[in-house]
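User: Could you take me through one part of this structure slowly? I would like a close look at the inside of the protein.

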Amino acid sequence: MTKSGKMLAFFAAGALFAATVVPALAADPIKIGVAGAHSGDLASYGLPTLKGAQLVVKDVNARGGIKGAPVELVLVDEQCKPEAAANVATKLVSDGVKAVLGHICSGPTKAALPIYRDAKIVSVSPSATTPELTQSGEYKYFFRTIASDDRQARTMADFVVDKLGAKKVAVLHDKGDYGLGLATYARQFIEESKKAEVVLFEGITVGQVDFSAVIQKVKRSNPDAVIFGGYHPEASKLVSQMRKKRMNTTFVSDDGVKDEAFIKVAGKDAEGVYATGPTDTSKNPITIEYREKFKKSEGAEPGSFFDNGVAAALAIVNGLEKAKSLEADDIAAALRAEKVETPFGPISFDEHGDPVGIGFNMFMVKDGQYVIAE
């Protein structure tokens, strides 16, 4: 088993135990749910955010908790599956959580939010980027510590058209809330630029093994670049199968692909792939502090969305501490009114719940790791 595999197995086996250990403070614990993919193909997204929450809460409890009460994490695993998210959300409501860190993927987040809204529970996602989650106005208790897909798609489209100089672009997606939404925005921005043409817009099936049919369509359309909206399991197969057919077309994707798991699965075929990701935070003191804590604890580098998970946990804690009460309206008001120091610097939330002060960079795979693209 690889070091990464051992880390995931360790998290899965020990997460529930770790979540329930809190210092013996006098008051009843304040419960915070952590919902996401803690197992399955997308656990490399959920587990780093889970660990970030655990590290933040450990510090909070060490300094006396929130207003004298310890914080207790309640972990629930929905494997980034929308069909499981409603049950997970219902469980957290029945467990009496005051806030939720999650969900991780946009589909499950969308499925869970009506339940949190009706129960008046605040949730903060580190990674759900579908714009309508905030922009629809339906979920006043929802926040996120990542920029939305329209901003991410703008980064992708501008890079492909202006930096790569592509004139013909094929846009693929996984038909999901996240992948399709992002691909749709990318197509829109490319067409609005008047500098390039979208020669193919095609969906693929999640879990499919052979992508020969869609790759043949890409080949016939003869694009200068391929944009893919989706997650790393499908992206790694697409890239590898394209390269086996001697297609060296530039492949550009999203933060669902900016993950070490993509590089490990795609291997040498990952070289030269571009992917958007949250703004580089490597020089921020809070980033350094929590990454060092992670490495000391796990003996490995944290994975995707760890910084966003730490930011979400810090925001939730700050909201609980600054709120007039532990009622959702007061917590939400505090999140909007109070800035909080995070791995991204000081951030706040606008009236919709989107973060002020967080954006995206473009990265590329070089020598087996993601680096900022020049």
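Analyst: **A look inside**

The largest nonpolar core has 46 residues, and Val56, Val122, Tyr290 and Leu335 have the most contacts inside it. A nonpolar core here is a set of buried Ala, Val, Leu, Ile, Met, Phe, Trp, Tyr and Cys residues joined through side-chain atoms within 4.5 Å. Buried means under 20% relative accessible area, with exposed over 50% and partly exposed in between (1.4 Å probe, protein chains only). Helix H12 (residues 306–322) gives the largest share of this core, 10 residues. Helices (H or I, at least four residues) and strands (E, at least two) are DSSP runs, numbered from the N terminus.

This is a predicted model: local features need pLDDT of at least 70, side-chain atom pairs count only at pLDDT 80 or more, and totals for chains, interfaces and linings use all residues. Residues are numbered from 1 along each chain as its sequence is written, and side-chain values use heavy atoms, with hydrogens and water left out.

Now to a strand. Five of the five residues of strand E8 (residues 225–229) are buried, so E8 is largely enclosed by the rest of the structure. Ala225, Ile227 and Gly229 point one way, while Val226 and Phe228 point the other way.

What about its partners? Strands pair if DSSP finds at least two bridges between them. Strand E6 (residues 168–173) pairs with E8 in the parallel sense over five bridges, and His173 stands opposite Gly229. E8 also runs parallel to strand E9 (residues 250–253), joined by three bridges. There, Thr250 is the bridge partner of Ala225.
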